[in-house]
Amino acid sequence: MVRLCSFHPAYGYEDFLEGFRPESVNGLMHFTLRDGVFKKVCQDAYARPDHRFYLIIDEINRGDIPRIFGELLSVLEKDKRGKAILLPLTGKPFRVPDNVYVIGTMNTADRSIALLDTALRRRFGFIELMPDTSIFGDAAVGGVPLGPWLRALNERVCEYVGRDARNLQIGHAYLLEGEHPIGDFLTFAKVIQDDILPLLEEYCYEDYTTLEKILGASLIDIQKQHIRQELFVASNRDKLIQALLAPSPDITASSQALSSEAQAVEEGEEDTSEDEPGESQ
């Protein structure tokens with residue numbers, strides 16, 4: 001069984017464990033004690049000990065961890081499962097069963113988010129998930145091999161962005177549609193224009209000299225201090241492709257790019273031949 005919740009600055013103990021919530025009864029305001037999401041998960045887990053229950057906390061580092069978890073930090077550890085603590089509001093004992101698993105997700109690239117609470121950090125194992133360009137295989141759009149292009153871009157991010165650049169790399173999910181690589185160049189260009197470029201601008205704090213080192217002089221106009229948005233007009237497709245490949249000329253002649261371009265030409269020729277009228281018999 002899997003439950004999902006998301007932490008944010010307004011999320012509190014009353015949402016996670018238990019708390020009083022206002023409700024209207026016969027036109028009058030009353031405060032009713034309600035169980036939070038984690039308490040409900042634990043209750044269900046005790047009722048079904050033969051099942052595993054997972055609580056996935058998205059954006060775990062956006063919440064006020066000490067306030068949200070409260071006394072839970074004492075019984076969350078594996079060797080303290082099943083031991084009771086008294087909840088301050090109900091005064092009743094509460095236990096975390098062995099078949100409850102807590103998974104937290106966090107994005108360390110967001111510099112506006114404080115580091116995870118140290119006390120909670122000691123109670124979790126950490127698995128780092130970095131950009132994985134291998135999932136693209138031989139996928140290429142418009143002659144741009146997605147895997148090598150993203151890998152080269154992230155290498156430049158790590159080289160020029162500076163402090164904490166390793167955590168600021170562009171994730172592979174930007175170039176995926178569902179579980180598959182982006183399949184057409186228009187979508188690829190839109191992702192670059194609407195998602196990747198604004199992110200890199202933020203990383204560089206409007207330092208267009210650094211931005212040029214990452215994206216190349218063909219895409220960044222240092223004199224006017226802006227991105228050459230005209231390249232994203234459909235009629236400038238070829239110029240945009242050249243601009244994207246310019247910082248890494250070694251990937252322009254890759255087998256992936258050549259294979260992609262050959263396939264596009266072949267498909268274009270087939271479409272043309274189908275449109276031609278046949279000879280009369």
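How many nonpolar, polar and charged residues does the lining of the second largest pocket have? In this predicted model, local features need pLDDT of at least 70 and side-chain atom pairs pLDDT 80 or more, while totals for chains, interfaces and linings use all residues. Residues are numbered from 1 along each chain as its sequence is written, and side-chain values use heavy atoms, leaving out hydrogens and water.

The lining in question has seven nonpolar, no polar and five charged residues; Asp, Glu, Lys and Arg count as charged, Ala, Val, Leu, Ile, Met, Phe, Trp, Tyr, Cys and Pro as nonpolar, and the others, Gly among them, as polar. This pocket (on a 1 Å grid over the protein atoms alone, an open set of points with protein on both sides within 12 Å along at least five of seven lines; lining residues have an atom within 4 Å of a point) has a volume of about 320 Å³, the space filled by probe spheres set on the points. Strand β7 (residues 100–104; a DSSP run of E, at least two residues) gives the largest share of its lining, four residues.

Turning to the cavity, a set of points where a 1.4 Å probe fits but cannot get out, the search of the whole structure finds one of 30 Å³ or more. Its lining includes W149, L153 and R156, and α5 contributes the largest share, three residues. By class, eight of the lining residues are nonpolar, none polar and one charged.

Helix α5 also packs with another helix (helices are DSSP runs of H or I, at least four residues): L146, W149, L153 and V157 in α5 meet F188, I192, I196 and L200 in α6, with contact meaning heavy atoms within 4.5 Å.
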